Amino acid sequence: MEIRQLRYFLKVAELLNFSEASKVLYVTQSTLSQQIKQLEAELDTTLFERNSHEVTLTEAGQKLVEYAQKVVVDADICQQKMTDLKDLLTGELNIGVTFTFSPLLTETVLEFMERHPDVRLNIIYKTMAELMEMLQRHEVDFVLAFKPTEKNERIESYMLFNNKLVVAMSNTHPLAKRKNITFDDLKSCQVAMPAHGLQIRNAFDNMTELAINELNVRLEINDINILLKLVSQSKLVTVLSEAALHEEEGLVGIPLEMGNTDMEGCIHMLKNAYIKNSAREFCRLLSQSRSIMKYSSISRLL
């Protein structure tokens, strides 16, 4: 049994389509089928039920998925440890990022790439729930997101900076000069909201519960960049973290006067998991970047 065969098996088990799996794996379909048949012969069991319409996992195949995932992850960790023993930063670094963190990454990404040209960065933008699932499947090395409202025992969160919810609007908006905005103020506005599932929307909903129904919500959208453009070019207002407005021209963020609006920006990693040297280095550069320090509670005391 080879690690390569297990990787092939896991991809077919994920896609349940030999043709699609072969494209993703960059092998011919005949090669893929042959490797799976060799694996089945060695294990003396059928892993997939195949017919002209579909591919499904057998009971044995379903069980092998669990074992194969662990073997492949352990093999990857072993290879990474051997690389790290040479004190070289090479290979790939997979970073999961929620949408509102994106403005804070540019400085660190460019510096990291300049310092470590042998490391390939793969940055994945998704919702926090999706990224936490990817982290637990070892598909990303760490996640940059705000602190979740519910604790996950498998994940360790390290705080990078403090942040608050603000009401974002064009600097020409009639309320743009206000020192703070109340929920009653929002009732008189046309509101564009981040879509359900985005972390900022979850935080706002947790604070307001059913009261959001009292707002004149004209739009919901899951793309923060487009949301910011719409707000900057109209009289719409929205609720975001202050970090989401980082270096955005033509917009202001006014503190939301509504109980505890704190949001902690965090690095999330699997507990007791091996951490690549490249991951440690990226996190070090990020924590020392001007973008992060701007929102750090320590910098505000200096």
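Predicted model: local features only at pLDDT ≥ 70, side-chain atom pairs only at ≥ 80, totals over all residues.
Reader: How do I read a pair of packed helices?

Author: Two numbers describe such a pair: the angle between the axes and the distance between the axes. Take helix H1, residues 3-15, and helix H2, residues 18-25. They pack at about 130°, and their axes lie 9 Å apart.

Reader: What word describes how H1 and H2 lie to each other?

Author: Angles from 65 to 115 degrees count as roughly perpendicular, and over 145 as roughly antiparallel. The angle of H1 with H2 is about 130°. H1 and H2 are therefore oblique to each other. The crossing of H1 past H2 is right-handed.

Reader: Which residues of H1 and H2 meet?

Author: H1 brings Tyr-8, Lys-11, Val-12 and Leu-15. H2 answers with Phe-18, Glu-20, Ala-21, Val-24 and Leu-25. Sort them by class and you get 7 nonpolar residues, 2 charged and no polar.

Reader: At what angle do H1 and helix H3 pack?

Author: About 110°, with the axes 9 Å apart. H3 covers residues 29-43. That angle makes H1 roughly perpendicular to H3. On the H1 side, the contact uses Arg-4, Gln-5, Leu-6, Tyr-8, Phe-9 and Val-12. On the H3 side, look for Leu-32, Gln-35, Ile-36, Gln-38, Leu-39 and Glu-42. This contact of H1 with H3 has 7 nonpolar, 3 polar and 2 charged residues. Now find Tyr-8 and Val-12 of H1 again: they meet H2, and they also take part in the contact with H3.

Reader: Let me try another pair. How do helix H5 and helix H10 pack?

Author: H5 spans residues 106-115, and H10 spans residues 277-287. Their angle is about 135°, and their axes are 9 Å apart. H5 and H10 are therefore oblique to each other. H5 crosses H10 in a right-handed way.

Reader: Which residues of H5 and H10 meet?

Author: From H5, pick out Thr-108, Val-109, Glu-111, Phe-112 and Arg-115. From H10, pick out Ser-278, Glu-281, Phe-282, Arg-284, Leu-285 and Leu-286. The classes here are 5 nonpolar, 2 polar and 4 charged.

Reader: Now for empty space. How is it found?

Author: A probe the size of a water molecule is rolled over the atoms, and this shows where empty space is left. In this model, the largest pocket holds about 1400 Å³ of space.

Reader: Which residues are the closest to the centre of the largest pocket?

Author: Val-73, Asp-76, Arg-137, His-138 and Glu-139. They belong to a lining of 36 residues. Several elements give two or more residues to that lining: H1, helix H4 (59-85), strand E3 (91-97), helix H6 (128-136) and strand E12 (262-270). H4 provides the largest share, 11 residues. By class, the lining of the largest pocket splits into 15 nonpolar, 9 polar and 12 charged residues.

Reader: What volume does the second largest pocket have?

Author: About 790 Å³. It is lined by 27 residues. Those closest to its centre are Lys-147, Pro-148, Thr-149, Glu-150 and Gln-199. H6, strand E6 (155-170), helix H8 (199-208) and E12 each give two or more residues to this lining. The classes in the second largest pocket are 10 nonpolar, 10 polar and 7 charged.

Reader: How many cavities of 30 Å³ or more does the structure hold?

Author: The structure holds 1. The probe fits inside a cavity but cannot get out. About 60 Å³ of space lies in the largest cavity.

Reader: Which residues line the largest cavity?

Author: Thr-98, Phe-99, Thr-100, Leu-198, Gln-199, Ile-200 and Ile-224. Of these, 4 are nonpolar, 3 are polar and none is charged.

Definitions and conventions
Residues numbered from 1 in each chain as written. Heavy atoms only, no water. Axes fitted to C-alpha atoms, helices over the stretch in contact; angles between N-to-C directions. Helix = DSSP H or I, 4+ residues; strand = E, 2+ residues; numbered from the N terminus. Parallel < 35°, antiparallel > 145°, perpendicular 65-115°, else oblique. Left-handed = near helix turned anticlockwise from the far one by under 90°. Contact = heavy atoms within 4.5 Å. Nonpolar A, V, L, I, M, F, W, Y, C, P; charged D, E, K, R; others polar. 1 Å grid on protein atoms, 1.4 Å probe; cavity = no way out; pocket = protein on both sides within 12 Å on 5 of 7 lines; lining within 4 Å. Points joined across faces, edges and corners; volume = space filled by probe spheres on them.
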